Structure formats: C-alpha cells, structure tokens
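Please keep the structure open while reading.

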Amino acid sequence: SLSKLQLKTGDLDPRLFSRLRHLQKLDLSDNLLDKFPNSLTLPDLRVLNCNNNKLEDVTALKQFPLLEELTYENNVYLTLNDDYKVMFLLQNLRLLNGKDITKLANHVRRVNSRKLTSKVTAHWEKFFRDQLPEKYTAEQVKSIKKKFLKSVQTNVVYGPSSLSEFTRWRVKMIAEEFLAYSLGLELNSDTEPEEKMDENEEESTESPREAAEDVAQVGDFSSYISNVTVTPSKRKRNHSKSSPGNKRSKSQASTEEEAEDVSAEPLHFLQCHSKGNSREDFKTQLWSCVFEPVLDSGARKDPIVSSSRTVATCGGESVCLIDCETGTVLKKYKVATEEFFSVAWTTLTMVISDSRKKAHNILAAAGRRGIVKLIHVAADFCYGEIKAHKKPIATVCFSPTQETHLFTASYDKRIALWDIGIPDCDYNFKASQLLVLETASIPLRIALVPTCPEQYLLAGCEDGCFAWNIKLDKGQKSRPFEAIFQFPDDESMTTSHRVDGLAFLNDDVVVSKSSKPGCIYLWSWSRSFDAKGKGCQRTMSAVILAELEWSTTDMSYLTLSTCPAKEYVFCGDEKGSVWMYNLSGYTTAWGSAKGKRSERRISPTQILKWPELRMNGEQPPEILVNNVVADPAFTYLVVLTSVNITAIWKKS
C-alpha cells in the first residue's frame, strides 16, 4: 500500500519497481499521479487501485497483462473511452471500478474489433489500393500511410458518439496493423532487404552502477544484437512484430548444402554481460553456463526431467539468468570489482517462511577475487559469501549426492571441498572446509566420477590430468593426488600437457582435451585407474577408446561439454563454430569387456557455423567459443564467446 503519500509520477522509480517481480496487489490511491511510467515491470500484478489521482491516460496499464481488478474512480480526466481502452488492452480484466465487465469486455475485444477491421479493410480497398504503384519507393509508402491513417480515422465510424475517441484510437491501431501485415508494406524508411534480428523492445531499466553493490538486478534486459545475416542470398525482411514472449526470426545454416542437415538453428544472440551496460562492449569474455534444475522433478533421478529452459551464465562483472526460449534475461547479478569465471547450481531444502521446509535452487558463482557468492535466486538475494581462496577460482561444482558439498578449484594450486551449510529463515549459515587437494599445477576443469562421486575426483590441470581420493572417512584433510594419467604423444606417452577440457560422457567414458592440436580423447576410467594399487602419485596410462577429430588450433581454454542422456560431445573452436559428436553408435562397443579402440578418428556429426553477425555495422573480430553447453534433454545449446555474445541455438 502506497496510498496517501502525495506521490507524483516521477516518484515511481522503475529501478525499484522492476525488482518487485512477484507483487500481486498495489494500492496507489489518494495521490497526485497524472500518468504511469512505461517501465514499472510488475509481471505478476493482479489488483491495482488508483482512485483519487489526476490520471489523464490509461494506455500505459497494458504493461500489467495479468491485471484482473482495476479501480480508478475520481480521476476527473478519465472518461468512458478510457474504460473501453483498458477493457481492450487488459485481456484478463474482470472487475473495473467494482463492476463485473467480463461480458462487455468480450464484446469490445471480439465483436467491436471484427466490425472495425472489416470497415478499415473496405476503406482501403475502395479509396487507396489503386493509389499504390506496383513498384513503390520509401517516400511513396510514407505518403500513402499518412493519408490513409488520416482518412480512415475521420471516415470510419461505429457505435455511439460518446465512444468516438475510443473508436478513432482502435481504428488507427487496426489500420497500422493492416498495412504492416496484410500488405507486407515496410512502414519505416529503412527498406534494406536484409533479414534483421529485432532489437529487444524492453529497454534496460537499470542505470550503470559505479558502486560495488551486490544487488540482484532484475529487469535489466539484454540488448539483442541487431542486423544478423545468416544466408548468402538476400531475403526479404521479416515483417512480423516481435515482443519478448515471441520467438524471434530464426536463422538458417550458413550454406545451401548444410541446410539439408540442420540439427539446430540459432534462436537468440544476447549481449547481456556488458561492463556498465554498455552496448559498445564486445570484449567481455564469457566463461561458464549451467542449466537450472527443476524443483519438482523428484530430486535428480532423471536428468531429462530435472532440467529447465533457464540457464545461468557468467562473464565479466555479472551473472545472468536467461530463459532460452524467449531470450529474456530474467535476472542479473553484478559485482563491479569481480570477474566471474564459474557458476554451479544445487537444490537445498530450506525453511524460509511459514515454518515449512521447501526445496530452493541456490546458485554459487566465483571468479577472480577467490570468493564464492551464494545466491537464492527466487528471492533475488545474495545471502552470503565464502572467502575460499586468496587467488582466482577457475571452476566450481557441487556434489551430485551431497547437496551442500561444493568443490572450488583455484589458481593457488588447490582444490577445496566446502560444506556450505543450509541457511535458516534469516539466511544465517555456517560454511566449513572439509578437504584440500594439493595439485602440482593450476586446476582448470574438475569432474566427479559418476559411479563413485564421494570417492574420486578427476581434474584437468595446466600440467596434466590427475585423480584424488576424496573419501571423507580418511583422517587426512590435505591430500596429494593419487594418480596422474599419461596419454599418447606424437611418438610416446606423456603426462605433461595442459588439459583444458574434461567431462564424463557416461558412467565410465571420460572425454578430455589437451594441448595436442586437432584431437579430443575418449578413454575408460575403470580400465585406466587401478584402485587396488597402493601409494599415491602413481602414473597410470589412459586406456584410449577413440579420438575425436577437432580444430587444429593451438588456442587454449576452449572447453568441451557432454550431454550424457543423448550421448553427445560438444566443443567450440577459434572461429565461432560448434563441433557436435553423436556417439550413440559407439558406446555399446566401448562398454563391452573387450571394447577395442576405434581405429579411425571420429569426425564430427555436424559443425554449427557461426552466422554472419554485424555488430555496430561491422564484422566482429575473431570469435572464440569459450564454452558450449546443452540442457540434459538437448533442446537448447548455449554458446559463450570471447566477444560478450551469448548465442542460443535450438534443436530442430
């Protein structure tokens, strides 16, 4: 309730209101409001009271699409025409100024609209269709549009004269839509025939913050990269209007031949990690992304069911939460002095309110400062931090079996295991360090062994691939590595190489990428690791099952990922492309007791080429794909680049 506070329109600060994403009732009665700001962004608002103000216009109320009850009595400038406007604009409205308007609203939306549309169409056919030449210029379009809109508003009449203002308002709207859709006329002066991605119509509601405030910035929507051309041929521009809920224009493969085998197509290109929200920032590197688990999926038994279309991404000073289908940035969290390198999800059963236990998703984010931020996403609240290391944290991951156990791998050449605890209803929590694993070089990627995630951890480091025993019933808190794996080099076996990609394809098959150009190894954990041997720091030979053919670049830190449920491996390259390998035809043979190594290198099933993107009218410089991750069901593919662009592909 904000009634009787002498509020004026300027007092309704969008930066504040856009954070109230779950607000359902708002009372602004008895104030001095003359209009509503356009960007309050209250997506869940159901009841609004604006009685006794000085409102002059109601069209800004369309930003509250779920509104069911609205009162604005004693606003002397509002008339019956405004009642009809809100009935048309708010499709869920049931009560207006205390009266049930369901029946009348249906008539306004359907019958009234149908009658006006037929009158507008008839007016065009009778007086204007023949005025437009077959080949027309932008100026001619502009001129005929102006004449038609003026004429149609003057001449199309319907209903009582007391509603003439509403009728003119609707006629103009219908006429503009008619010109844009039915005839495919280009209504602005830019008639360049290339297909363009629509810029996100939702403007940022945040101003750049200079103070290092840890705030969840909600409503700070991403910029869409405009002017995306993805086929060699020029095609007519897409005329459909785009709103954040609609799918944007879909692109096609980069050559005609590839179009035959499109298994995924680009959906969105987002620039949402910009420093200070700058549209000119094409330098911020994006590093890590992970899909949010679905809360009601019965724990994590079925990975396909337990994933949503929401993904957390990090890079530069921010962490973003993105809806992959709509391309909307749902939430944004900034720390001005941080550079985030890694994010990870866990689900904790917490008592927040009503004294009832409930599952909540918690996001851990870490980076250059060596600090882990713990964010309760649904509450838009960073409730704590763990000062985990004095040097940057390269990567973090949660245990799949112990939801409070978090591993942090740091440039201080240590991997630490933390129990982050469970916050109480006031968000008090106690974190404790359970283990420290000593590494010989900087750890870059970590993976828990799926068959025994509480016993063994594997890490790809700057100088090799190592394994540790992490069983907590052993007394020793600080532990050296138990094994180092050697891999085939040009002529012999070597342990010394940078391993910058590491993941499990299934319970046994490890996928790792090292500094050997053009190659990704698949090897067997169970056949390579000798659990019976005594002592630590033993050298073991990786039993190679296959090699995947990959880019011959010597560029480091382009990491890989897997989609175990669909038996896919993904890895980006130095040209913005994504190499996809469908390995479902190989895994059965590898799993058998006599599983032999595949003799030939396995070629990618498909390479998704980076579309021709223009940023500020120019081709971007080299685009490195730092990371690429699919959701467990492989519906979406999220591609993180070195030029501050998150690309979202959707499987066809």
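## Surface and overall make-up

The model is a predicted one. Of the 652 residues in the protein, 53% are buried.

The protein has seven helices and 40 strands. When contacts between residues at least 6 apart in sequence are considered, 57% of them join residues at least 24 apart.

## Confidence

The average pLDDT of the protein is 82, and 83% of the residues score at least 70. Confidence is highest in strand 19 (residues 405–410), with a mean of 98, and lowest in strand 6 (residues 215–218), with a mean of 29.

Two stretches call for caution in reading. Across residues 185–262 the pLDDT stays under 50, although the model has 193 contacts beyond four places in sequence for this stretch. Residues 297–301 also have a pLDDT below 50, and the model gives this stretch nine contacts beyond near neighbours in sequence.

In soluble globular proteins, nonpolar side chains tend to be buried together. The largest nonpolar core here holds 35 residues, and those that touch the most other members are Phe-36, Leu-48, Leu-61, Phe-64, Leu-70 and Val-86. Helix 2 (80–89), helix 3 (102–127) and helix 5 (164–182) are the elements that give two or more residues to this core. Helix 2 gives the most, with five residues.

Which residues does Leu-70 contact, leaving aside its neighbours within four places in sequence? Leu-70 is in contact with Leu-48, Leu-61 and Val-86, and also with Leu-90, Leu-93, Leu-95, Leu-96 and Asn-97. Another core lies apart from the largest one. This other core has 22 residues, including Val-449, Leu-458, Cys-519 and Tyr-521.

An open sheet is formed by four strands in the order 14-15-16-17, with antiparallel pairing. Strand 14 (340–351) and strand 17 (381–387) are the edge strands, each pairing on one side only. From one strand to the next, the twist averages 25°.

How many bridges join strand 16 to strand 17? Strand 16 (residues 371–376) is joined to strand 17 by six bridges, and the two run antiparallel. Opposite Gly-384 in strand 17 stands Leu-374.

Terms used:
Residues numbered from 1 in each chain as written. Predicted model: local features only at pLDDT ≥ 70, side-chain atom pairs only at ≥ 80, totals over all residues. Heavy atoms only, no water. Core = buried A, V, L, I, M, F, W, Y, C linked by side-chain atoms within 4.5 Å. Buried < 20%, exposed > 50% of the residue type's maximum accessible area, 1.4 Å probe, protein only. Contact = heavy atoms within 4.5 Å. pLDDT = per-residue confidence, 0-100. Pairing = 2+ DSSP bridges. Axes fitted to C-alpha atoms, helices over the stretch in contact; angles between N-to-C directions.
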